[in-house]
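Here is a brief report on one structure.

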Amino acid sequence: MNQHPNRRKFLRTISLNTAAGALWTRVPFVATAAETNPALTPEERAKRLAELMDERRLFARGEQRVYRNEHLTAISLPLGGIAAGPLQINGEARRASWQIFKNFASVPMPNSFFAVRATVGGKPPLIRALQTVAEGPFPAMKALSFRGGYPFGWYTFEDDGLPLRASMEVFSPMIPLDEKHSAIPCAIFNLTAENAGKEPVEVSFLATQRNAVGLVRPGLGGNSNRVLREAGATVLHLTSAQPIDSPWAGDMALAAVAPEVIASASWDGLDSLATTFAATGGMQGLESAGPSASGMTLDGALAVPFTLQPGQQRTVSFVLAWHFPNVPHANTFHVGNMYANWWTDALDVARDVTGRLAELTRLTRLYHDTLYASNLPYWLLDRIGSQVAVIRAQTCLWSKTGFFYGWEGCQPDCGCCEGTATHVWGYAQAHARLWPVIGRAMREADAGNLGPEGMLPVRFRHPGAQWQFPAFDGQCSFVMSSYREHLLSAERKWLDRNWPKIKQAMDYLIIRWDASNTPSLTVEQPREGIPDGMLSGPQHGMDGDQGGSSSWMGSMYLGALAAAEKMAMVENDPAAAGFYRKIREAGSVNQDQALFNGEYFIQIPDPVPRMDYVTGCYIDQMLGQWWALQAGLGWLYPPEHVRSAMGALFKYNFHASLHGFQQAPRKFCEDADAGLIQGTWPRGGRPNPPNCLAYTEEIMSGFEYTAACLMIQAGLMREGFTVLRAVADRYDGRLRSGLHPGGQASWGYSGNPFGDDECGKFYARAMAIWSVLIACQGFTHDATAGTIGFIPLWQPEDHSSFFTAAEGWGLFTQQRSAGVQHSKIELRHGRLRLTTLLLAAPKQAVPPQAKVTVNRKPIAATVTVDNNGATIRLDAGTTIEAGNSIEVELR
């Protein structure tokens, strides 16, 4: 193989400097992944690795996880709409964290819980709080188990003293492609009682709620409660005397969906409430109460009594709604919540949800059931679905103007790292796949934030902001994610409108870091000469500047060029497309020759040292390749080199046990956990601090997800699944304490399955896990072209997986038997406009024949086969509606 001259020069330099003990001399660290872990013998380490890589453990379908005992201690499931301000329910079934006011610091919400009363055969009635912690005189349930398949949580209570079985289902509506009804500021609680005995049981469910309007600001006082009898529901409306235009104006509502409801606008004291509820199954009725005195508020309650015959069960639904339309958002120019455009107040929300509860529940359950109809292992589906919770956490805000903004994560009392950081949000995938409108809104905001020369600041500008420089990888992500947003748009007009800004951002990358070749644009100290795809100069990423040419930034650059080339062709600009293609093709060859060391890809730094990794085996060395495959842009480097690099990453960076390894500067994992280290130097040459890349001794799930995904796409399924299972095992519901303290880490503890840690809780990059689903199903889609494709890597002989397209979603299945391949796209919601299908082709000596049917009725199509699979072109385009399907038989 010909060697790029820059690589030969670099290797001579590195050799000399290492020998002289200069910049790149290796420094000792406590156990890297390439070294013997002192806590384990080689035999013990090999045994542990073999256990983690056991195919039965990785690939078996298994069962959905049931959390019990210590595996309940870290559970915190966010409820609420997209960026609506959540409340979080924990492993005790307590709504322990309230952030519905868009507050970061969790506030206590006393006297807000569920309870049950039961009596049988004239025996004294028993009452229990529906949680494993007592509420004053309301005793706790003895125990519970929990299952979670986001957005649902299911609690099964255990208490031998009760003459019934009690359970609770919690969720908020979540419907892919329906951003409005996924953003409802509400939580739904379905309480179920079952009589497994031989005698009738008198039952009553109680829901109590504090009027918390004004709790965060400006303070309680002037609070009023009112009971409203609606058709099919009773609503407790909780308001205050705040002026309607106040930043803290708002209201709450608690509704019971039942024909007969006992309601009280106020009650005095838990002891009195418990006594009355135990005696009667209700409370003293009071239709209105308030306003409360300054600093005081009111507690209201709803109760639903009924009788269960032996063998019967009944479910009662309670809906909690909130509405705070004017809240200011820190570090932005924006105020208010997007949901205020759709609902006038919490009463309006409660009426809408209770009136359409069956349909909202059906569609949310349809999403859940379709996702879990994928035949991937349950543990992996849990991982993929659970990180969608990030978009409902305080990580996100969606202002009344439609501006969507993201922190990197959450600190205990504020957001963590402001400004929709391009080098973090640039890798999130779930939000844009499930709600393309949000993806497009974020790109439009990026476009509006571009400088006149095309530079995208690493973070959004706000008063006093100092972030007026680009993150190189974030600038590339803007281009690639813009292409993703185009592919997921039903019409081309979005790209038509935004292409000038996207092109400007792409040209800025070329001019500043590759070569100056566009006279109309100028940047500070641009490179001279013809673009060759090899970068130089400082490139910001991972909170520091790297220099020179690396496959980390280089692959991002090549991916951006490939995306820009595709978009230029759509925009009928063949000159620009050709220019980008020429650079990409040159860069692919030059980078591969210069940076591939025969095993993995390295960095050739600039002469001026920066925060480099040089000869290191770095977790993001192929990040742009991962992005390119997500967008259907193909291989940027020889696939065999990518496979080698990802194999080396697993070999050197994966730890089967972290005993003896010093996680620094932040510790996110227990010593007994497994994980993929950010960076190692198996061949030596680690730069001395401060000229070394930051965080290389840390383990962060968002990085592990992208690396594991590319392992899968490079043919290393077992290695990729091993990394993913290690993450799943770390977020198993068990509270892991003694970790790095502070808001810009894990707050000192970890283990919650619903929102990973990094720079705070509910870290945005964790939504990159959705890419694993895309990879396993081999999904491609171009809505404007009417194209959809599936070339499964996961079980191609018997495959099923959930998919989302621009206008619909559903289930794809593929079976092969006796030389026949049967593929089916079943649309379960929305619509799918099709002209072309791209499918895997069964291996056979002659080209296959295709039989295509829509709802079992044949339609005309032609099929061609190449190394990429089978292309089926429909003679006449078709539209698949929800409930219908298209099937293709290749034989």
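Two strands pair if DSSP finds at least two bridges between them. Helices (H or I, at least four residues) and strands (E, at least two) are DSSP runs, numbered from the N terminus. This is a predicted model: local features need pLDDT of at least 70, side-chain atom pairs count only at pLDDT 80 or more, and totals for chains, interfaces and linings use all residues. Residues are numbered from 1 along each chain as its sequence is written, and side-chain values use heavy atoms, with hydrogens and water left out.

Start with the sheet. Strand 4 and strand 10 pair in the antiparallel sense over 7 bridges. Thr119 has Glu202 of strand 10 as its bridge partner. Both strands belong to an open sheet of 5 strands, with the order 5-4-10-16-14 and antiparallel pairing. Strand 5 and strand 14 are the edges, and each pairs on one side only.

| Strand | Residues |
|---|---|
| strand 4 | residues 114-120 |
| strand 10 | residues 201-210 |
| strand 5 | residues 126-129 |
| strand 14 | residues 262-264 |

Now the cores. A nonpolar core is a set of buried Ala, Val, Leu, Ile, Met, Phe, Trp, Tyr and Cys residues joined through side-chain atoms within 4.5 Å. Buried means under 20% relative accessible area, with a 1.4 Å probe and protein chains only. The largest nonpolar core has 265 residues, and Phe318 and Trp770 have the most contacts inside it. Helix 13 (residues 551-570) gives the most to this core, with 12 residues. Apart from it lies another core, of 15 residues, including Leu270 and Ala301.

Conventions: Buried means under 20% relative accessible area, exposed over 50%, partly exposed in between (1.4 Å probe, protein chains only).
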